[in-house]
Amino acid sequence: MDRQDYVIEVSHVSKSFKDNKVLKDVSLLCESGKIYGLVGHNGSGKTVLFKSICGFLSCDEGTITVNGKVMGKDKDMLTDAGIIIEDPGFLRTWSGYHNLEFLYTLRNKKNKDYLCSVLRKVGLDPALKRPVGKYSLGMRQRLALAQAIMEDPGILILDEPMNGLDNQGVEEVRGILLNLRDEGKAIILASHNKEDIEVLCDEVYEMDHGKLTASA
């Protein structure tokens, strides 16, 4: 495959915080229409890698190229991407719909029917008036996924997207992610759930003490 076919290219990336080297010579190539799974213990470096790809953290060594643009040089922050990393900062006194509406209309025209359809897609009722501060963890996770997909990005970077979901919710979100893959999205996800990785991922990588290796 020609290198220009890869939408994400992580090349020999290292990152340290003081004396702690969190990423050690990490390389990863991702193309559209595939789901890439990252497994590893807490603190292994998965979230730092995700934040580096998104431009939230800068690399000490190596380069990260997304859609032909070098992060930190050609582009500061990743824009054509849906991102779930840690707890999204929703406005807790607003409903799920009003949170999405606020974020969506920062860059787009208001489109109530479309936003309602996105909420239904992730299993939330757009008419629900309950403030997000009173949502369960699973409902907040569904809302985070709605935010990630609402602008139809070409890339999804999802850190533990099934967190807090019940069995039915897990099945629904797996179906959504497989459909998005079939639509040609490039998806990178981290999960502690072995079954999520087996069901969803075309390629699997293990992160251990900052080193990334392809899983057999």
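Let me begin with two helices: helix α4, residues 137-149, packs with helix α5, residues 167-182, at an angle of about 10°, and their axes are 12 Å apart. Axes here are lines fitted to C-alpha atoms, for helices over the stretch in contact, and angles run from 0 to 180 degrees between N-to-C directions. α4 is therefore roughly parallel to α5; angles under 35 degrees count as roughly parallel, over 145 as roughly antiparallel, 65 to 115 as roughly perpendicular and the rest as oblique.

A word on the source: this is a predicted model, in which local features need pLDDT of at least 70 and side-chain atom pairs count only at pLDDT 80 or more, while totals for chains, interfaces and linings use all residues. Residues are numbered from 1 along each chain as its sequence is written, and side-chain values use heavy atoms, with hydrogens and water left out.

Which residues of α4 and α5 meet? From α4 come Arg 142, Leu 145 and Ile 149, and from α5 come Gly 169, Glu 172, Val 173, Ile 176, Leu 177 and Leu 180. Contact means heavy atoms within 4.5 Å. The residues of this contact divide into six nonpolar, one polar and two charged. Ala, Val, Leu, Ile, Met, Phe, Trp, Tyr, Cys and Pro count as nonpolar, Asp, Glu, Lys and Arg as charged, and the others, Gly among them, as polar.

I turn to the sheet. Six strands, in the order β6-β7-β8-β3-β9-β10, form an open sheet with mixed pairing. Helices (H or I, at least four residues) and strands (E, at least two) are DSSP runs, numbered from the N terminus, and two strands pair if DSSP finds at least two bridges between them. At the edges lie β6 (81-84) and β10 (211-214), each pairing on one side only. On average, neighbouring strands of the sheet are turned by 15° against each other, direction ignored.

Strand β9, residues 203-208, pairs with β10 in the antiparallel sense over four bridges. Within β10, Thr 213 is the bridge partner of Glu 206.

Helix α1, residues 46-54, touches β3, β6, β7, β8 and β9, and its direction makes about 150° with that of β7. α4 touches β6 and β7, and its direction makes about 160° with that of β6.

Finally, the loop between α3 (112-121) and α4 holds Lys 129. Is Lys 129 buried or exposed? Lys 129 is exposed, because its relative accessible area is 69%; buried means under 20%, exposed over 50%, partly exposed in between, with a 1.4 Å probe and protein chains only. Lys 129 and Gly 96 are 33 residues apart in sequence, yet 7.9 Å apart in space, C-alpha to C-alpha. Gly 96 is one of the buried residues of helix α2, residues 96-104, and the buried residues of α2 pack against α3 and α4.
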